[in-house]
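Good morning, everyone, and thank you for coming.

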Amino acid sequence: MARLHQQRWCVATALLVPWLSLASPSLVKVAGVSPSWAVLWLLPWALVDGPVSGALAGLGLALLLDGLHPGSLSQIPALVLLGWWWGRIGRRGRPIERSFNLGLLALLGSLALNGTLWLQLALLAWRGGRTSGLAGDSAPTQVAAGMEVGADLGVDPGLFATPGWHLSDLLAAGLHTLLAQTLITALLAPMLCSLLLLLWRQQSSTLRG
Amino acid sequence: MPALRWPRLPSLRLIQQASPWLLLFLALGAIRFSKGAFLNDLYALLSRPFWPGTAQEEWLRSAQQLDDQARLGQLEQDNKRLRGLLDLQRGAEQRITAPVISREAAGWWQQLLLGRGSLAGLHAGDAVLAPGGLIGRITQVTPTTASVTLLTDPHSHVGVWVGRTQRHGLLTGVGTSRPVLRFLEKDPQVRPGDVVVSSPASTLVPPNLTVGVIQSVDDKAVPAPEAVVQLSAPVDAVDWVQVVTRTP
């Protein structure tokens with residue numbers, strides 16, 4: 001049994017994910033969208049360290065990343081499930097080594113992550129509510145201010161109650177982000193994940209041996 | 001009674017002798033009927049070496065700029081004084097410069113992280129300006145950082161108006177690089193190229209800050225027309241921003 005999570009410095013490398021997300025180096029961007037660093041780090045970790053450790057690592061990473069962003073969108077469900085799934089793949093059958101397989105797994109993971117975010121936005125838009133903590137204080141003030149103006153101009157105040165997101169916006173912006181992030185993540189995965197995978201395998205075998 | 005005599009035709013020799021003068025008068029007649037076209041062209045050709053050069057144009061332009069700047073300053077002062085008279089502004093404005101330490105201008109979240117926070121006097125809700133105009137508002141602050149939600153973020157709603165037609169609208173980010181301006185009236189009478197500024201009635205952002213330019217108008221949108229706005233500040237390139245804080 002691998003015990004990667006008992007090595008403190010191995011766990012500490014997870015801090016690279018929020019750091020890279022914040023720094024967002026412009027070299028590895030497609031159409032302004034950064035790769036999903038969480039997927040790139042979580043994939044080799046879960047493959048080596050198993051489903052439970054993978055799911056917990058996913059949860060930790062998602063909590064860190066959600067803290068960086070305002071609003072109520074969450075990456076927790078996607079990353080936990082991905083950690084669990086990749087951990088099971090790593091345990092069963094022959095170990096995954098070929099870079100093409102890593103790329104495909106990262107592609108599916110990035111698709112799932114972006115898909116859940118898209119779904120959450122779609123649900124929030126469908127519910128018609130304002131979608132963020134910011135909106136919590138600003139939108140009503142804005143609407144109130146607008147209503148004053150609207151009353152002066154003879155405008156129907158009901159116009160202010162329409163939600164910010166429309167389905168067409170979701171299709172345009174969400175699809176762009178999803179495609180760009182999936183593409184760059186899947187392109188980087190064979191390079192970065194195979195290196196990390198080698199490192200984690202070496203560590204776990206020295207720990208075991 | 002003398003017989004009516006036909007006037008004698010001038011002899012051919014006379015016509016030959018006078019032909020230069022005839023030609024001259026023909027030319028003068030042509031000038032008269034063309035309203036001096038030839039004469040003007042001739043004058044332009046001859047006076048070309050003495051036309052005002054580029055240097056003179058630059059002087060004039062710099063003088064014009066100086067004039068514009070002076071008038072802008074005057075108008076701003078005047079505006080402030082009048083707003084003071086109307087009690088529109090509740091507190092003094094202060095501008096704090098802050099560096100951008102993280103930038104995420106595309107994707108699911110569109111935000112900047114500034115390297116100054118509540119210790120420097122920033123508050124959530126402050127408007128953030130870049131060279132070129134308004135780019136967003138501060139969402140949350142920590143002691144040394146502040147995160148800015150850009151106007152392009154789907155969570156951003158800011159009241160703006162089109163100065164030319166004086167129509168109000170709600171500028172909503174949709175996740176792309178160009179936010180959507182939703183008008184409040186059925187017939188906003190705007191067209192591409194109109195400049196969008198922050199609303200004088202807005203309680204959230206300072207009035208009359210440049211936001212962007214209308215790129216296209218969709219008249220058939222429901223419930224009210226929409227326009228796509230190109231922001232005037234280049235969000236991808238800003239390194240330093242100014243935060244407008246209000247001291248009550």
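This is a predicted model: local features need pLDDT of at least 70, side-chain atom pairs count only at pLDDT 80 or more; totals for chains, interfaces and linings use all residues.

Let me begin in chain B, where B:Val162 stands opposite B:Val196 in strand 9. A word on terms: strands (E, at least two residues) and helices (H or I, at least four residues) are DSSP runs, numbered from the N terminus, and two strands pair if DSSP finds at least two bridges between them.

Residues are numbered from 1 along each chain as its sequence is written, chains are lettered from A and ligands numbered from 1 in the order in which they are written, and side-chain values use heavy atoms, with hydrogens and water left out.

Now back to the strands. Strand 6, which covers residues 157-162 of chain B, is joined to strand 9, residues 195-198, by three bridges, and the two run antiparallel. Along this pairing, B:Val160 stands opposite B:Ser198. Strand 9 also has strand 10 (residues 210-218) as a partner, again antiparallel and again through three bridges, and there B:Val195 stands opposite B:Val213.

What do these strands of chain B build? They belong to a closed barrel of six strands that runs 6-7-8-11-10-9, with antiparallel pairing. The twist averages 40° from one strand to the next, where axes are lines fitted to C-alpha atoms, for helices over the stretch in contact, and angles run from 0 to 180 degrees between N-to-C directions.

For chain B overall, the secondary structure comes to three helices and twelve strands. Of its 248 residues, 40% count as buried, and here buried means under 20% relative accessible area, exposed means over 50%, and partly exposed lies in between, with a 1.4 Å probe and protein chains only. Chain B exposes about 15,400 Å², of which carbon and sulfur atoms supply 60%; such areas come from the Shrake-Rupley method with a 1.4 Å probe, and for residues only the protein chains shown count as cover.

Let us turn to chain A, whose secondary structure comes to eight helices and zero strands. Of the 209 residues of chain A, 47% count as buried, and the chain exposes about 10,200 Å², with carbon and sulfur atoms supplying 69% of that area. If we take contacts (heavy atoms within 4.5 Å) in chain A between residues at least 6 apart in sequence, 78% of them join residues at least 24 apart. For chain B, the corresponding share is 54%.

Which residues touch the most other members of the largest nonpolar core? Among its 35 residues, they are A:Trp41, A:Leu42, A:Leu43, A:Leu61, A:Leu79 and A:Trp86. By a nonpolar core I mean a set of buried Ala, Val, Leu, Ile, Met, Phe, Trp, Tyr and Cys residues joined through side-chain atoms within 4.5 Å. Helix 3 of chain A gives the most to this core, with eleven residues. A second, separate core of 21 residues includes B:Leu129, B:Val160, B:Leu181 and B:Phe183, so that B:Val160 is one we have already met, opposite B:Ser198.

Look next at A:Leu43, which, leaving aside its neighbours within four places in sequence, is in contact with A:Trp86, A:Leu102, A:Leu105, A:Ala106 and A:Cys193. A:Cys193 counts as buried, at 0% relative accessibility, and A:Cys10 is buried with a relative accessible area of 0% too. The structure holds zero disulfides over all chains, a disulfide being a pair of cysteine sulfur atoms within 2.5 Å.

My next stop is A:Pro18, found in helix 2 (residues 16-23) of chain A and buried at 10% relative accessibility. Beyond its neighbours within four places in sequence, A:Pro18 is in contact with A:Leu64, A:Leu65 and A:Leu68. Its C-alpha atom is separated by 8.1 Å from that of A:Leu61, 43 residues apart along the chain.

Finally, two backbone angles. Most residues other than glycine have a negative phi. A:Ser24, however, has a positive phi near 35°, and A:Ala31 has one of about 55°. A:Ser24 is found in the loop between helix 2 and helix 3 of chain A, and A:Ala31 lies in the loop between helix 2 and helix 3 as well. Is each of them buried or exposed? A:Ser24 is buried, with a relative accessible area of 7%, whereas A:Ala31 is exposed, at 53%.
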